[in-house]
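Please open the structure in your viewer and keep a selection tool at hand. The tour moves from one selection to the next and says what is found at each stop.

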Number of protein chains: 2
Amino acid sequence: MKKLINAPDAVVADALRGVQAAHGDRVRVTFDPYCVVRADAPVQGKVGLISGGGSGHEPMHGGFVGPGMLDAACPGEVFTSPTPDQMLEATKAVNGGAGVVHVVKNYTGDVMNFDMAAEMGRGEEIEVETILTNDDVAVEDSLYTAGRRGVGVTVLVEKIAGAAAEAGRALSEVAEIGRRVNAQGRSMGMALTPCITPASGQPSFELAEDEVEIGIGIHGEPGRFREKAGPASQVAERLLTPIVEDLPFGSGDRVLAFVNGMGGTPLLELYIVYAEVAKIASDHGLTIERNLIGNYITSLEMQGCSITLVKLDDEMVRYWDAPVNTPALRWGA
Amino acid sequence: MKKLINAPDAVVADALRGVQAAHGDRVRVTFDPYCVVRADAPVQGKVGLISGGGSGHEPMHGGFVGPGMLDAACPGEVFTSPTPDQMLEATKAVNGGAGVVHVVKNYTGDVMNFDMAAEMGRGEEIEVETILTNDDVAVEDSLYTAGRRGVGVTVLVEKIAGAAAEAGRALSEVAEIGRRVNAQGRSMGMALTPCITPASGQPSFELAEDEVEIGIGIHGEPGRFREKAGPASQVAERLLTPIVEDLPFGSGDRVLAFVNGMGGTPLLELYIVYAEVAKIASDHGLTIERNLIGNYITSLEMQGCSITLVKLDDEMVRYWDAPVNTPALRWGA
């Protein structure tokens, strides 16, 4: 295992020291427990939006903290859920009196701990609503999940619900629009190579030299099937067909198309995949009104990609376009 | 070789189809020859700024085309210089009557072809100035270079000179500030793993399981030495010490620190490296006033990083902070 780290058990703390050194003007980082909090939190009268999950998926979630997106993120150890205590601290830190929304990816540990944190928050007189993301069409139930996994749509939920919160919308409205993005979003991913967690030092799974895994999870959980590596056009087809059929997306739909890299994939390749996505979407009569291409929800150095489609409405487009000022997603501000 | 491509000889054209599909609202892409041009070019009365080089380093340069940065980029085949014809087309496309600046990384093929394109441009009555970047302190002369290689500082030159052009500065002034950024900038890189070009299908070099290469070039050209993989703190020291000694940077200097991923490195690890850079810079009495962390000048899926320091002055800071609106670098607009 070769990695740019100091020690396997120091990975998260060391990376957070980097976040603090680089972005200390816009976020404050706490180490006991780990939290990345918007520098001006709590914003009085604004709904607070927090998320969290295992580390190893950067920039999600810490890279999305800032005006127009998250108020705080709780990073766990690599591929390990954060604790209810962390989530409670973040909830309290961002509570400006208008309530707090938890964006939770559907993994058993995350759901259980965020449920507990929400209860604890309510015990301190903070109104808490939860948006649960479960957009991965690859498999029902999985290594760490009952039901569908929460993946790429989480990034889009955080942007759109974050903009709604920034615009002064009420707690129930922010939660509703976030749930709508999830309900109208579907994702699927694939891998060319496994990743290696610092703690184990071993590949998360094994793939032959000429094999890819279709439907992979963001921790290397098994997907739908393995096959011989084919061209990018085939990969795009394998991922998009189940996505389109599942919602289903239909001719005339306006969509946001998100081609996400798993962490070790060159941007050059993501644009090749996007070209195929655009072609297939057009064949289905879909209009791609917005897009996002890059490494946003990753799995350490895994090579591969995921595709997310969200069926858009005018409100979602408006909040997608609204200014955002975070380390990893920034425009109009 | 497993890659998200359709065919080795279609990589650049397919990726450009993706760029066109994704960013057609802000750039126009031509395929014969390959150019990515700002949609509203030429901007009358504004100095045009173009760059170019082999593909495989994305987002550089095509991802930096847009208001506040480049007016056009000329992508060659993977790790292959673009042609003088391409550069001439781009020069003509962005000429708004105030002249055109070529940002050229110091590689023999790039320099020769840009020189020829500049001559051809002058032949068509376009004033052309060249900014040559040669910031890599690792080696003098190399596989494709006489003198020092142009690497990370190129991204910063394109941002800062691009902002100067956008602000309406004259041709000689835009060229001068770009040259100043290069003169006050130094870089060095390292690799944990090689990359594989689509055409060859073979690793660009071989490294043992526990070995890293210090001073690597962005095409996998040999660096200064190989050693056993050590902690991130050691990597940062190996790269920063020659950088600091070379300019030299001294106590009291204000700097921009750029930690760049080679393409296959998780963002988590780049933040760990940044934490070490911040510590070492502080030990030298340097004040990091601005920073950039992420994959900006890459080498396909190579794992590793480079570090760039630029000694800042007020004008550079002002142009660094100015709005930029490109696919890969975007703020304040």
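What follows is a walk through a predicted model, taken stop by stop.

**First stop: a sheet in chain B**

Begin by selecting strands β1 to β6 of chain B, which make up an open sheet of 6 strands with mixed pairing, and follow them across in the order β1-β2-β4-β3-β5-β6. At the edges you will find β1 (27–31) and β6 (128–133) of chain B, each of which pairs on one side only. Looking from one strand to the next, you will see a twist that averages 20°.

Helix α3 (residues 108–123) of chain B lies across β3 (48–55), β5 (100–105) and β6 of chain B, and runs at about 170° to β5(B). Helix α4 (residues 153–166) of chain B also packs on the sheet, where it touches β2, β3, β5 and β6 of chain B, and its direction makes about 150° with that of β6(B).

**Second stop: another sheet in chain B**

Select β7 to β12 of chain B, where 6 strands form an open sheet of mixed pairing in the order β9-β8-β7-β12-β10-β11. Because β9 (225–228) and β11 (287–294) of chain B stand at the edges with a single partner strand each, one side of each is left without a neighbour in the sheet. The twist in this sheet averages 20° from one strand to the next.

Strand β8 (residues 211–214) of chain B pairs with β9(B) in the antiparallel sense over 4 bridges, and B:E211 stands opposite B:K228 in β9(B). Helix α5 (residues 171–183) of chain B packs on the sheet, touching β7 (185–191) and β12 (304–311) of chain B, with a direction that makes about 55° with that of β7(B).

In the loop between β11 and β12 of chain B, select B:L300, which has a positive phi of about 50° although it is not a glycine. Then move to B:R318, which lies over the face of B:Y319, at 5.4 Å from the ring centre.

In chain A, select strand β7 (residues 185–191) and strand β8 (residues 211–214), which run antiparallel and are joined by 2 bridges; here A:M190 has A:I214 in β8(A) as its bridge partner. On to strand β9 (residues 225–228) of chain A, which pairs with β8(A) in the antiparallel sense over 4 bridges, and in which A:E227 stands opposite A:V212.

The loop between α6 (232–246) and β10 (254–261) of chain A holds A:P248, and the peptide bond from A:L247 to A:P248 is cis, with omega near -10°. A:R318 lies over the face of A:Y319, at 5.4 Å from the ring centre.

Select A:E89 and A:K92 next, whose closest N and O atoms are 3.9 Å apart in a salt bridge. Why are these two residues separated by about one helical turn? They are 3 residues apart in helix α2 (residues 84–94) of chain A, and therefore A:E89 and A:K92 have about one helical turn between them.

**Last stop: the contact between the chains**

Finally, show both chains and select their contact, which takes 57 residues from chain B and 56 residues from chain A. The area buried between chain B and chain A is about 4,500 Å², and carbon and sulfur atoms give 63% of it. To see where chain B contributes, select B:K2, B:L4 and B:L268, which supply 21% of the area that chain B buries against chain A, more than any other three residues.

How many salt bridges are there between chain B and chain A? The count is 2. A salt bridge to select here joins the side chains of A:E276 and B:R17, at 3.4 Å from N to O.

Terms used
Residues numbered from 1 in each chain as written. Chains lettered and ligands numbered in written order. Predicted model: local features only at pLDDT ≥ 70, side-chain atom pairs only at ≥ 80, totals over all residues. Heavy atoms only, no water. Pairing = 2+ DSSP bridges. Axes fitted to C-alpha atoms, helices over the stretch in contact; angles between N-to-C directions. Contact = heavy atoms within 4.5 Å. Lys NZ or Arg CZ within 6 Å of the ring centre and 35° of its normal. Buried area = accessible area lost by both parts, 1.4 Å probe. Salt bridge = Lys/Arg side-chain N within 4 Å of Asp/Glu carboxyl O.
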